[in-house]
Structure formats: structure tokens, C-alpha cells
Amino acid sequence: MALVLAFATVMELRAALPKAPEMPEGAAAHEVFPGEPFEIAGRPARLLVTGVGPAACAAALGRALGAYPDTTGVIQLGVAGSFDLDRAPLGSAWRVTRETWPEYGLYGECGVDPRGIRLPMARTDAGPIFESLDLDPDEAARAMGLYPSGFIGRAASLTVAGVTGTLERANGLSRRHGALLENMEGFAAALACRLGRVPFFEMRVVSNLVGGREAAHWDLKGGLARLEPALAGLLGHAS
């Protein structure tokens, strides 16, 4: 019985868990390591580097859940962009309450209609899944025996395959979907866990302004530095 801690990149994993075991030489990035659980704050856990983007994440996490049926929950941790630095400033930490894939559906003059092709991505006992998944991070945390600290806020997030590179697109996405954060893996991980009936908790730390290309809009180093205390707060111990 073990948690899976999923990261898009080795860089994020090392920032969050600087004392984690080294990845075996020659191992593919998209796999669990080590195979046997090790303890993080007294809890057995496995580490997973999924690769970047929704396709890589879905494939890697789906494979991991199939290979390790004893998984008690998945924590996804990484950096993200903020659509509004006043509300979600650089370095702030967030638990995700909704994941949306805004690129799914039928493209038209008014944007993407997720129901335009009349085909949901998946069907569950709760109904069909189109472009959006509501999440309950507090319920998932309780199911995993986690107690998020007060400094971790609550926010909706968008998952994109292509990072938003202009403020114009950022403003359009923000208005249409009402999200505060943008990432590249969250919806895929949430969907894999929903279909696998596994508790899922996504935590993101802001590293940049969505669509901003100026140096003042970015602090990747600072965002990475906040991953370790954010995870420590979630697991209930000091970093």
C-alpha cells in the first residue's frame, strides 16, 4: 500500500525531494522508481516522472496504476503559470479544485466547443466526462491521510498541450474558463485516477505569468524552491 508522487520532470522531483533516491542509470524517464516503496514522512511512496504534457502523463500514470494496484492515492506536484499574479503571485502554492482541458472538442469561430463532436472522452458512474473534471482535494487528502496546511490555497486550473505564449490568448482562456492556473499534465492525471478509482491530489506552485514573456513575469527558480516546503506541509512535517 503506497502513494505515488508524480512529477512531470526530474527537475521538479529533485526540487521537492532533494534526498530522494537516484534514478537508475539508463532508466527511462517515464517510469516509477524505485519499484519498491520508500518512506516519505513515515508514509510508503513511489516516485513517478511522467514526462511533459497530457499525452505523456496519461500514458505514464496509467501504466503505473496498472503495474501497482496497491496504490492508495496519487499526489501530483509541480510548477504552473498564473493567469493573475495579484491573486496567485509567484511562489504561491495551490491545491487544484477543477481541471479543464480547453483544447478538447470542435474548433469554431467562437473557440472550442467540447460538446461539438458529441463524444465524451470517458464515461463514469457519475456521468460523461468532456473537457472538465471537478476535484475535491480535501476529500482526496483525507482518503490518503494527508492534512494540507493553511498556506496552500484553492484554485481551478487549465491543462494545455501547447503552453500559452501571448497575453491575448491568456486573457481569452481566463475569461472563457475562469481558471487561475495553467499547467500541462493535471487533467490527464486527474482523468487516469478518476477512471482507476484512485484518490488524486494536485498541488501547484506558481512560477510564471501565463502568456508573459518578460523576465519580471518569471521566477522558475523561486517556484521550484517552494515545492519542497509545499510538499512538507501536505505531508505534515517541516521541510
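**Basis.** I am working on a predicted model, where local features need pLDDT of at least 70, side-chain atom pairs count only at pLDDT 80 or more, and totals for chains, interfaces and linings use all residues. Residues are numbered from 1 along each chain as its sequence is written, and side-chain values use heavy atoms, with hydrogens and water left out.

**Cysteines.** I took a disulfide to be a pair of cysteine sulfur atoms within 2.5 Å. By this rule I count zero disulfides. Cys57 is in none, and the nearest cysteine sulfur to it is that of Cys193, 8.6 Å away. For Cys193, also in no disulfide, the nearest cysteine sulfur is that of Cys57. I then looked up burial (buried means under 20% relative accessible area, exposed over 50%, partly exposed in between; 1.4 Å probe, protein chains only). Cys57 is buried, at a relative accessible area of 1%. Cys193 counts as buried at 1%.

**Cavity.** I searched on a 1 Å grid over the protein atoms alone, where a cavity is a set of points that a 1.4 Å probe fits but cannot get out of, and lining residues have an atom within 4 Å of a point. Grid points are joined across faces, edges and corners, and a volume is the space filled by probe spheres set on the points. I found one cavity of 30 Å³ or more. The volume of the largest cavity is about 40 Å³. Among the residues lining it are Cys57, Thr50, Glu185 and Arg204. Strands here are DSSP runs of E with at least two residues, and helices are runs of H or I with at least four, numbered from the N terminus. β1 (2–7) and β4 (71–82) each supply at least two lining residues. The largest share, three residues, comes from β4. By class, I note five nonpolar (Ala, Val, Leu, Ile, Met, Phe, Trp, Tyr, Cys, Pro), three polar (the others, Gly among them) and two charged (Asp, Glu, Lys, Arg) residues in the lining.

**Rings.** Rings of Phe, Tyr and Trp (its six-membered ring) pair if their centres lie within 6.5 Å; planes under 30 degrees apart count as stacked, over 60 as edge-to-face and the rest as tilted. I find two aromatic pairs in the whole structure. Trp101 and Phe187 form a tilted pair, 6.3 Å centre to centre with 40° between the planes. Trp101 lies in the loop between β5 (93–100) and β6 (106–108) and Phe187 in helix α5 (residues 186–196), so the pair ties together parts that are 86 residues apart in sequence. Trp101 is partly exposed at 23% relative accessibility, whereas Phe187 is buried at 2%. Ring pairs link Trp101, Tyr104 and Phe187 into a cluster.

Terms used. 1 Å grid on protein atoms, 1.4 Å probe; cavity = no way out; pocket = protein on both sides within 12 Å on 5 of 7 lines; lining within 4 Å.
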